[in-house]
Amino acid sequence: MLVVDRDATTLGDCRLVAHLAADEPPENAALVCEQYLGDAAGRWCRCVTAEDLEVVPFAEAEEEDSEAQATPSMTALTDKQGRTYRLELGSAELSIRELRWYRRSPSPEAESAEPVSVREVIASLESYEPVRTLTCRALALHHDDPVISIAMLRSEHARMETSQIVLNRGLRRAALATAAAQDLSMSEIALRCGKVKHDSKGKESGETSWLARRLGIAPESGKSTPTPWIHTDVLALIARRGLGISPREVELG
């Protein structure tokens, strides 16, 4: 059963809220809807795809895979700097080994792998997938494991799923594409967003530095690299007023 949020007028723009397993009672759908509508902070949802009509929810998590149980994840992800990320078990010095994401530098002089948060991995890759999927699989696989701790990983995943700070890559691409297609300057886009500055003669222009930082083109003050993050409210402002598009068009699932 798919729990879907539709546009009230057109019944289009279907957004997947939940995918319930076949053995779940129908009352669970009503419960999910109640929680979804009652959450003032807003819940993450995505567009419905054709695969949603065929895939069996949680099937992968329920598959018995002895090799996967022995090794949490053999999938290594690589960022633009050549650093690799992998789900691994921490040091055996602890009474219970902890499952975390670890980062390794490509430099031969680099020290051993360092633990990083789910958020750090997503930021480095500028993509939610496959980090989200691999994390969910690991949490499902070890949720009853008495010798492996997933408390930290579960907490990091939960914070990421409910955070209003999201990736800005989609917005950046849309802004650059819109500027090129409509012959818009960054100053004009900033002006549309209400970000105005004046020179010594009082001439008005858009605050391009503000826009460049929000889009992840220029670094924040005191930082050496641009941030991959943006608050959902600011993303919506730039999308609607600056670019004239729906924020959903630039949200990364």
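Is C33 buried, partly exposed or exposed? In this predicted model, C33 is partly exposed, with a relative accessible area of 33%. C193, by contrast, counts as buried, because its relative accessibility of 5% falls under the 20% limit. The count of disulfides in the structure comes to zero.

Rolling a probe the size of a water molecule over the atoms shows where empty space is left. A search of the whole structure finds one cavity of 30 Å³ or more, and the largest cavity holds about 30 Å³ of space. Its lining is formed by V118, I122, Y128, R132, H157, M160 and E161. By class, four of these lining residues are nonpolar, one is polar and two are charged. Helix 4 (118-125) and helix 6 (151-162) each contribute at least two residues to the lining. Helix 6 gives the most, with three residues.

In soluble globular proteins, nonpolar side chains tend to be buried together. The largest nonpolar core of the model comprises 40 residues. Within this core, the residues with the most contacts are W101, I122, L153 and L171. Leaving aside residues up to four places away in sequence, I122 touches S127, Y128, V131, M160, L167 and W229. A second, separate core has eight residues, including V17, L20, V32 and C45.

How values were computed:
Residues numbered from 1 in each chain as written. Predicted model: local features only at pLDDT ≥ 70, side-chain atom pairs only at ≥ 80, totals over all residues. Heavy atoms only, no water. 1 Å grid on protein atoms, 1.4 Å probe; cavity = no way out; pocket = protein on both sides within 12 Å on 5 of 7 lines; lining within 4 Å. Points joined across faces, edges and corners; volume = space filled by probe spheres on them. Helix = DSSP H or I, 4+ residues; strand = E, 2+ residues; numbered from the N terminus. Nonpolar A, V, L, I, M, F, W, Y, C, P; charged D, E, K, R; others polar. Core = buried A, V, L, I, M, F, W, Y, C linked by side-chain atoms within 4.5 Å. Buried < 20%, exposed > 50% of the residue type's maximum accessible area, 1.4 Å probe, protein only. Contact = heavy atoms within 4.5 Å. Disulfide = S-S within 2.5 Å.
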